[in-house]
Structure formats: structure tokens, C-alpha cells
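Good morning, and thank you for the time.

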Amino acid sequence: MVQINGKPAENAAGLTLSAYLSQAGYQPAFLAVERGGEIVPRAQYDTTILQDGDVIEIVQFVGGG
């Protein structure tokens, strides 16, 4: 099972990172993704396949003022 932001994501294994982000409603332009302690470059979202045991952290950038 894939763990995303500290919670199990039962249907994420086998999806590309970009497919998961789209399915979950994230906008990739406004976030950073860490996989196993390393930042995933945005150019690799389409080719990064989530696997059982992956630990993913997604951080959204929020602007304000």
C-alpha cells in the first residue's frame, strides 16, 4: 500500500504520480512531491509509478497577503 501524507492510499499503487495527483484534485504547478525522502522533479511526474511501500509527501504552496 502507498502512504500519502501519513494516510494509506489503497488505490494509488500502479498509478503514475501525475495520474494520482489529477485523480486527487491536486494542481501540480502549486506543489512539491517527496517520495522516500527525495523530491520528485515535476518533469518526472508522468513517468514515476507509485508502488506498494512508497511513502509520499505532498506539499501545496499557498500564497496570500
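This is a predicted model: local features need pLDDT of at least 70, side-chain atom pairs count only at pLDDT 80 or more; totals for chains, interfaces and linings use all residues.

I begin with arginine 35, which counts as partly exposed because its relative accessibility is 24%. On the scale used here, buried means under 20% relative accessible area, exposed over 50%, and partly exposed in between, with a 1.4 Å probe and protein chains only. Residues are numbered from 1 along each chain as its sequence is written, and side-chain values use heavy atoms, with hydrogens and water left out.

Which residue does the side chain of arginine 35 meet in a salt bridge? The partner is aspartate 54, at 3.0 Å from N to O. The criterion is a side-chain nitrogen of Lys or Arg within 4 Å of a carboxyl oxygen of Asp or Glu. The structure holds one such salt bridge. Arginine 35 lies in strand E3 and aspartate 54 in the loop between strand E4 (38–39) and E5, so the pair ties together parts that are 19 residues apart in sequence. Aspartate 54, at 12% relative accessibility, counts as buried.

Arginine 35 also has a place in the sheet: its bridge partner in E4 is glutamate 38. E3 and E4 run antiparallel and are joined by two bridges. Strands are taken as paired if DSSP finds at least two bridges between them.

The protein has one helix and five strands, in the pattern β-β-α-β-β-β along the sequence. Helices (H or I, at least four residues) and strands (E, at least two) are DSSP runs, numbered from the N terminus. The five strands form an open sheet in the order E2-E1-E5-E3-E4, with mixed pairing. E2 and E4 stand at the edges with a single partner strand each, so one side of each has no neighbour in the sheet.

Isoleucine 58 lies in strand E5 and is buried, with a relative accessible area of 8%. Leaving out residues up to four places away in sequence, isoleucine 58 touches, among others, Ile4, Asn5, Leu21 and Val33; contact means heavy atoms within 4.5 Å. Leucine 21, beyond its neighbours within four places in sequence, has contacts that include Tyr26, Pro28, Tyr45 and Ile58.

Asparagine 5 deserves a remark of its own. The C-alpha atoms of isoleucine 58 and asparagine 5 are separated by 6.4 Å, although the two residues are 53 apart along the chain. Asparagine 5 is found in the loop between E1 and strand E2 (7–9). Asparagine 5 is not a glycine, yet has a positive phi of about 50°. Most residues other than glycine have a negative phi.

Finally, buried residues make up 25% of the 65 residues in the protein.
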